[in-house]
Amino acid sequence: MSAERFDCHYCKTSLLGKQYILREETQYCTKCYENLFANCCEDCGKPIGCNCKDLSYKDRHWHEQCFKCAQCSKALVEKLFAAKDELLLCTDCYSQEYSSKCFTCKKTIMPGSRKMEYRGNSWHETCFLCHRCQQPIGTKSFIPKDNGYFCVPCFEKQFAYQCNSCKKAITTGGVTYHDKPWHRECFLCTGCKKQLAGQRFTSRDEFSYCLDCFSSLYAKKCVGCTKPITSLAGVKYISFEERQWHTECFTCMKCSVSLVGRGFLTHRDDTLCTDCGREK
């Protein structure tokens, strides 16, 4: 009984006692395998044989000895490298040709290192500093001012107005009164604490009041209705012997006729029209 043959699937050469490669459960001699399946090296163009390392990058392949910098020819095996226009370059060559220079220290920003970019300039992460506190800004918000860059807390301390009430920086909007700045939400009536921004108000002894609170606290009281008389809202009033009336309240105490623009008499604390006064 004859022994079963063990041949190369492609050229039918016997593989007994020879090196072979198994691919998808099918055996090939090394020559056929390389001709049929081996990758070609990007550098030398030759097949990458079974006994060679196949180094790959983005579907491209190299012999181990061919995997080198396209400019200085230094080996790139197990080293950092960069790609430019399909060429592989060591970090030194890439930096010299293509890397940005730090705007502050003027040194090359190496491939793979973190950098900051703003308006066409680049910085090492550790060189992009706040002009005031000299701390790295990193990914935090910053504000450009003149020729410097400031983190938000430093910008507020150095340039922003401070609210006269809470003493914190006013970054947007605000109210100015008597040359002093306030946040809108901090500019309040001294009496009722309502916001005064956009409302009519007045002040006394450097304190601000809404019209209602000012009238309640400081305005003269009408003898007739006992409510405050204030001219802030354009109210007209009558004054006589240190007493005041709203015009509509200045009436005869007996018959209630208006005394505005006509003669009147007084009896103790009462004001009377001339007719009712004669009856007394």
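## Thr-139, an exposed loop residue

Thr-139 is exposed, with a relative accessible area of 71%. Thr-139 sits in the loop between strand S8 (121-124) and strand S9 (142-145). Helices (H or I, at least four residues) and strands (E, at least two) are DSSP runs, numbered from the N terminus. Met-116 is 23 residues from Thr-139 in sequence. In space, the two are 8.5 Å apart, C-alpha to C-alpha.

Strand S9 itself holds Lys-145. Lys-145 is partly exposed, at 31% relative accessible area. Lys-145 and Cys-133 are 12 residues apart in sequence, and their C-alpha atoms are 14 Å apart in space.

## The model and its confidence

This is a predicted model, in which local features need pLDDT of at least 70, side-chain atom pairs count only at pLDDT 80 or more, and totals for chains, interfaces and linings use all residues. Residues are numbered from 1 along each chain as its sequence is written, and side-chain values use heavy atoms, with hydrogens and water left out.

pLDDT is the predictor's confidence in each residue, from 0 to 100. The mean for the protein chain is 85. Of its residues, 97% reach 70 or more. Where is confidence lowest, and where is it highest? Strand S18 (residues 228-229) has the lowest mean, 78, and S4 has the highest, 92. Where pLDDT is low, the predicted coordinates should not be read in detail.

## Salt bridges

Side chains of opposite charge can pair when their charged atoms come close. A salt bridge is a side-chain nitrogen of Lys or Arg within 4 Å of a carboxyl oxygen of Asp or Glu. How many salt bridges does a search of the whole structure find? It finds six. One of them joins Arg-5 and Asp-7, with the closest N and O atoms 2.8 Å apart. Arg-5 counts as exposed, because its relative accessibility is 60%. Asp-7 counts as buried, because its relative accessibility is 16%.

Glu-42 and Arg-60 also meet through their side chains, at 3.7 Å from N to O. Glu-42 lies in the loop between helix H1 (30-37) and strand S3 (54-57), and Arg-60 lies in strand S4 (residues 60-63), so the pair ties together parts that are 18 residues apart in sequence. Glu-42 is partly exposed at 42%, and Arg-60 is buried at 18%. A further salt bridge pairs Lys-53 with Glu-64, at 4.0 Å from N to O. This pair links distant parts of the chain, 11 residues apart: Lys-53 is in the loop between H1 and S3, and Glu-64 is in the loop between S4 and strand S5 (81-84). Lys-53 is exposed, with 52% relative accessible area. Glu-64 is partly exposed, with 32%.

## Positive phi in two loops

Asp-59 is not a glycine, yet it has a positive phi of about 65°. Its place is in the loop between S3 and S4. Asp-59 is exposed, with a relative accessible area of 76%.

Glu-78 also has a positive phi, near 60°, and is a residue other than glycine. The loop between S4 and S5 holds Glu-78. Glu-78 is exposed, with a relative accessible area of 82%.

## Domains from the record

An unreviewed UniProt entry lists "domain: LIM zinc-binding" at residues 39-100, 101-160, 161-220 and 221-280. UniProt positions are given in the numbering used here, feature names are shortened, and annotations may be inferred rather than shown by experiment.

Residues 39-100 are 11% helix and 26% strand, with end C-alpha atoms 36 Å apart. Residues 161-220 are 13% helix and 32% strand, with end C-alpha atoms 38 Å apart.

## The largest pocket

A pocket is an open set of points on a 1 Å grid over the protein atoms alone, where a 1.4 Å probe fits, with protein on both sides within 12 Å along at least five of seven lines; lining residues have an atom within 4 Å of a point. The largest pocket has a volume of about 340 Å³. That volume is the space filled by probe spheres set on the points, which are joined across faces, edges and corners.

Which residues lie nearest the centre of the largest pocket? They are Asn-164, Trp-182, Glu-206, Phe-207 and Ser-208, out of 16 lining residues. Strand S14 (180-182) and strand S16 (207-210) each supply at least two residues of the lining. By class, the lining has seven nonpolar, six polar and three charged residues. Here Ala, Val, Leu, Ile, Met, Phe, Trp, Tyr, Cys and Pro count as nonpolar, Asp, Glu, Lys and Arg as charged, and the others, Gly among them, as polar.

How values were computed:
Buried < 20%, exposed > 50% of the residue type's maximum accessible area, 1.4 Å probe, protein only.
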